[in-house]
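Please keep the sequence and the model at hand while reading.

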Amino acid sequence: MMTQSKPGLSARAKAEIDEWLKKYPADQRRSAVIPALHIAQDENGGWLTTELMNEVGDYLQIPHVAVYEVATFYSMYELKPVGRHKISVCTNISCMLADSDGIVRCLKDRLGIEFNETTPDGKFTLKEVECLGACVTAPVMLVDKTYHEKLTPEKVDHILSELE
Amino acid sequence: MKIEIEIDGKSFEVEPGKMIIEVADAAGIVIPRFCYHKKLSVAANCRMCLVDVEKSRKPLPACATPVTPGMVVRTRSKLALDAQKAVMEFLLINHPLDCPICDQGGQCELQDIALGYGSDNSRYDQGKRSVKDKNLGPLIETEMTRCIHCTRCVRFGREIAGISEMGSIGRGEDTEIGTYVEKSLTSELSANIIDLCPVGALTNKPFRYRARAWELTQHSGVSPHDCVGSNLHIHTRRNAVMRVVPKENEGINETWISDRDRFSCEGLSSPERVTSPQLKRHGQWETVDWQTALQTVVEALQDVTEHHSADRIGGIISPNATVEELFLFQKLLRGMGCHNIDHRITQTDFHYQQAMPTYPKLPVSIADIEQQELIVVIGGNTQHEQPLIHHRIRKAWDNGAKVIMINPVDFEFNFTPTQTLLVENRRLPEALTGVTRCLAESQQDTEIAKDLLQSVAVTPAHREVADALLSAKAPLILLGAGAQNHPQAGLMYALAERMAQLSNGNVGLLTAGANAAGAWLVGAVPHRGPTGLNVSKPALDVQRMWESELPAYVLFNVEPEHDCANSAKALKALSQAALVICLTSYKTPAMEQYADIILPIASFAETPGTFINVEGRWQSFQAAVIPKGESRPGWKVLRVLGNLLSLDGFNYVVNTEVTDELRSLATTNTPEQPAGPWRYPSHLPTVSEGVERFCYWPIYRSDSVVRHSQPLQKTPLSETPVVTMSPQLAQRLGLEAGTEVKVSQGGDAVVLQVCISHRMVGDTVGIAAGFLETAGLAESFGTVKIERI
Ligand code: SF4
Ligand code: FES
Ligand code: FES
């Protein structure tokens with residue numbers, strides 16, 4: 001039997017997952033899979049490895065494949081390494097009508113990357129996402145965990161320049 | 001209270017809560033569907049079953065719409081048909097048009113339904129998506145571009161196999177069905193997803209491209225691998241078995257079969273099949289004609305009878321033999337004056353044989369296992385021994401039953417048993433005594449087996465089992481292979497019976513092979529003739545036959561090196577014997593050494609016959625193909641031998657005459673006897689010290705047909721022989737995983753690698769049987785010495 005030391009979920013991450021588990025009935029640990037994956041992802045520089053997903057599955061006592069299903073379904077989980085900042089631009093209908101195309105063009109231009117790419121300095125990853133649920137303030141993008149609304153190219157420039 | 005609904009103008013009285021599709025199916029009204037399957041949960045994701053329901057503005061899915069009083073359903077109105085056709089058009093957008101090269105062609109639900117509901121031309125002119133195929137192992141081929149995402153395979157894993165391996169990965173247009181990380185499926189029921197898949201996404205890998213569905217002839221059959229008696233459809237073409245699929249039988253196998261039942265047929269065409277009679281002359285094997293071979297057998301047997309006596313012959317027959325074969329086998333030997341007959345080849349304790357019932361039979365039907373409140377399994381890896389009985393146990397557990405395992409290994413099951421009482425193999429009798437003592441004391445009924453019970457201290461784990469037994473209405477106690485093969489099998493059976501008496505429960509044996517019940521009933525045991533009548537002269541059980549080193553042995557479909565407990569003893573006995581006659585379908589390397597005459601007999605699917613399953617159900621079947629080469633059905637070979645030996649009563653023309661003879665004996669002779677009476681020793685037998693072997697037959701080493709099936713041998717469930725031990729024991733012995741060790745017992749030794757598993761307990765090590773590599777050990781359950789080499 002191989003004993004490999006793997007990075008894995010830290011004790012702190014497990015404690016955080018335990019907090020979430022308290023919110024659900026004891027026999028429904030699988031309910032915590034979404035927050036648990038976020039916790040695991042945050043701790044691992046913004047993306048999930050298969051090993052981490054397995055660990056989340058084992059910790060929640062659900063089959064590994066049930067974790068993969070969730071992690072591959074939602075666009076907020078990353079299965080490949082990402083840059084320090086993840087920019088998710090909405091191109092769904094309301095945003096499209098409010099010229100999200102222009103925002104996308106601006107972003108691609110400034111960053112020099114296409115969707116699902118990371119800048120060579122490892123700072124930004126650009127993603128296209130569906131409705132972010134903020135249609136009233138379209139066009140919208142999500143940078144890490146912050147919403148930026150009513151975007152204009154100027155605003156985008158400013159936001160980018162503020163990021164470390 | 002029933003409610004009335006109307007479908008297509010006909011009225012039905014139905015149970016509330018049923019779905020429209022269930023009512024329609026029962027009435028023979030066809031509603032097209034892909035995702036619905038009566039044995040799976042309702043997913044309602046394909047929308048093919050849309051029907052027109054009065055007062056509903058939109059068509060509703062018949063699989064997910066419960067009936068309501070006065071509901072009026074039209075399955076073929078314009079609204080329904082338009083909806084169904086529209087769904088069909090959507091489904092075909094991404095489905096490839098590759099039916100000519102698709103193995104599912106001709107047996108495809110999508111193809112069939114597209115014929116009825118599809119249009120000739122597609123209006124879709126953009127690129128279709130394609131999906132990378134997945135590697136699911138040696139049994140299931142994939143072509144995932146064809147998948148229509150019905151999720152039947154996913155639900156099967158979750159709900160039936162009890163192990164989720166397939167999932168729905170990604171979303172929307174990018175959804176793929178697969179395992180995400182490449183892995184071979186490990187469920188022993190995995191290949192049922194081939195039947196479930198409505199398209200050609202999941203197909204039978206060994207069968208791939210071998211035949212078209214319409215070229216096949218369908219025959220009914222019964223699985224020869226375990227006591228379930230699963231019903232099969234055997235598909236043949238030009239006298240060859242091409243594949244095996246389940247035949248639905250709600251009371252036995254429902255709509256499933258195990259992978260062992262499905263893929264064992266690949267062993268039928270193995271190059272190790274013997275296809276002509278063979279004699280060993282001056283150490284050389286020669287192929288001869290049947291007449292010469294049979295004449296040689298007769299002369300050789302007569303020679304033994306003259307020079308020794310008939311009771312110096314040992315007759316050993318597989319518990320997978322048919323009723324007819326078993327009956328004629330014992331009739332032949334008894335006709336010659338020999339009662340040394342046995343089918344209990346994996347067992348080591350026989351002292352309780354008088355207490356056996358006429359034949360072992362479960363106290364409940366297979367289907368009723370699901371309804372139990374408490375099931376206690378003693379010495380059983382049920383998931384691998386009888387996969388479809390285990391499926392019922394799992395269903396019971398799913399329904400809220402308690403399931404307790406009392407085992408020498410913490411076997412990995414597809415559910416978590418309520419309690420596992422894990423003890424060293426040699427301490428199983430002690431554990432049962434402890435539980436019995438608790439029961440007896442709570443019931444204030446301590447007279448029976450008083451001294452024995454007093455001799456054991458009760459532990460909290462014993463009490464936990466006893467409490468569960470006392471709180472259930474009628475617990476079911478099942479003895480698996482580990483209990484029946486145990487050196488204290490009799491004591492364990494007796495204790496299980498006592499546990500049942502004290503808790504108002506029942507005991508059942510999950511017997512080895514397909515036809516142990518038949519073997520008992522026909523008298524393929526040394527102490528009883530047909531229908532359980534005692535024979536005048538006590539004779540030798542299979543272990544005594546090996547120990548007595550007889551001059552002659554007749555083996556029927558038995559490879560002692562693989563099939564028998566205490567295999568080295570068997571091999572030793574066979575090698576000293578002057579005469580070893582093998583009626584067999586396969587010739588193994590060891591058999592070449594010990595056998596003198598080989599009579600090739602028909603294998604699975606090649607012979608008519610009857611099996612009696614674990615519920616006592618008689619199931620007869622016809623041959624699906626004629627036997628390979630010169631081999632002949634075993635019952636015919638035995639009949640001819642009977643005639644050549646001038647024995648009475650061997651003038652059968654068809655095999656059913658044999659069955660009828662047994663049936664009439666069974667009705668005229670004494671009624672079936674229950675198990676008992678039981679006697680209890682005053683104390684437990686002394687327990688050996690040191691490392692002890694626990695012997696088991698891995699699922700795909702259970703009989704010769706299975707062992708010769710290459711696809712099964714390549715699955716993750718096929719094992720390599722190793723010595724498995726707990727981490728503690730490994731540490732004490734200074735061994736690591738993978739270390740080569742010499743495992744010895746007296747003068748015998750084998751070399752194996754160490755495998756470390758937290759599922760093992762104490763000083764018990766697991767060493768499987770069914771392999772030549774482990775055949776050199778003389779005691780399946782004795783102590784062993786393990787040394788580094
Ligand atoms: S592989 Fe077959 S059974 Fe599984 S989801 Fe696809 S079509 Fe359905
Ligand atoms: S469409 Fe962009 S936020 Fe809803
Ligand atoms: S069969 Fe009803 S939705 Fe698929």
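The sections below treat the sheets, the helix packing, the surroundings of the ligand, the contact between the chains and some backbone details.

## Basis of the report

The structure is a predicted model.

## A mixed sheet in chain B

Chain B contains an open sheet of five strands, in which the order is β2-β1-β5-β3-β4 and the pairing is mixed. At its edges are β2 (10–14) and β4 (60–61) of chain B, each of which pairs on one side only.

Within this sheet, strand β3 (residues 50–53) and strand β5 (residues 72–74) of chain B run antiparallel and are joined by two bridges. B:Val53 has B:Val73 in β5(B) as its bridge partner. Across β3 and β5 of chain B lies helix α2 (residues 78–93) of chain B, which runs at about 160° to β3(B).

## A parallel sheet in chain B

Another open sheet of chain B has five strands in the order β19-β18-β17-β20-β21, and here the pairing is parallel. The edges are held by β19 (419–422) and β21 (506–509) of chain B; each has a single partner strand, so one side of each is left without a neighbour in the sheet. From one strand to the next, the twist averages 15°.

Strand β18 (residues 402–407) of chain B runs parallel to β19(B), and four bridges join the two. In this pair, B:Met405 stands opposite B:Thr420 of β19(B).

## A hairpin in chain B

Strand β13 (residues 278–281) and strand β14 (residues 284–287) of chain B pair in the antiparallel sense over four bridges. Opposite B:Leu279 stands B:Glu286 in β14(B). The hairpin of β13(B) and β14(B) has two residues between the strands, and B:His282 takes a positive phi near 50° there.

## Helix packing in the two chains

Two packed helices are described by the angle between their axes and the distance between the axes. In chain B, α2(B) packs with helix α3 (residues 109–117) at an angle of about 130°, and the axes are 10 Å apart. The helices α2(B) and α3(B) are therefore oblique to each other, and α2(B) passes α3(B) in a left-handed crossing. From α2(B), the residues B:Gln84, B:Lys85, B:Met88 and B:Leu92 meet B:Ile113, B:Ala114 and B:Tyr117 of α3(B). By class, this contact has five nonpolar residues, one polar and one charged.

In chain A, helix α2 (residues 33–43) and helix α3 (residues 50–60) pack at an angle of about 140°, with axes 10 Å apart. That angle makes α2(A) oblique to α3(A), and the crossing of α2(A) and α3(A) is right-handed. The residues that make the contact are A:Val33, A:Ala36, A:Leu37 and A:Ala40 of α2(A), together with A:Leu52, A:Val56 and A:Leu60 of α3(A). These residues divide into seven nonpolar, no polar and no charged.

## The contact between chains A and B

The contact takes nine residues from chain A and 13 residues from chain B. On the side of chain A that touches chain B, helix α4 (residues 64–73) of chain A gives the most, with six residues. The residues on this side of chain A divide into six nonpolar, two polar and one charged.

## Backbone details in loops

In chain A, the peptide bond from A:Ala138 to A:Pro139 is cis, with omega near -5°; A:Pro139 has its place in the loop between β3 (124–129) and β4 (141–143) of chain A. In chain B, a cis peptide bond joins B:Gly676 and B:Pro677, with omega about -5°. B:Pro677 is found in the loop between α22 (655–668) and β27 (692–694) of chain B.

B:Arg238 is a residue other than glycine with a positive phi, near 40°. Its place is in the loop between β11 (231–237) and β12 (240–246) of chain B.

Notes. Residues are numbered from 1 along each chain as its sequence is written. Chains are lettered from A and ligands numbered from 1 in the order in which they are written. This is a predicted model: local features need pLDDT of at least 70, side-chain atom pairs count only at pLDDT 80 or more; totals for chains, interfaces and linings use all residues. Two strands pair if DSSP finds at least two bridges between them. Two residues are in contact if their C-beta atoms, placed from the backbone, lie within 7 Å. Axes are lines fitted to C-alpha atoms, for helices over the stretch in contact, and angles run from 0 to 180 degrees between N-to-C directions. Ala, Val, Leu, Ile, Met, Phe, Trp, Tyr, Cys and Pro count as nonpolar, Asp, Glu, Lys and Arg as charged, and the others, Gly among them, as polar. Angles under 35 degrees count as roughly parallel, over 145 as roughly antiparallel, 65 to 115 as roughly perpendicular and the rest as oblique. A crossing is left-handed if the near helix is turned anticlockwise from the far one by less than a right angle, and right-handed if clockwise.
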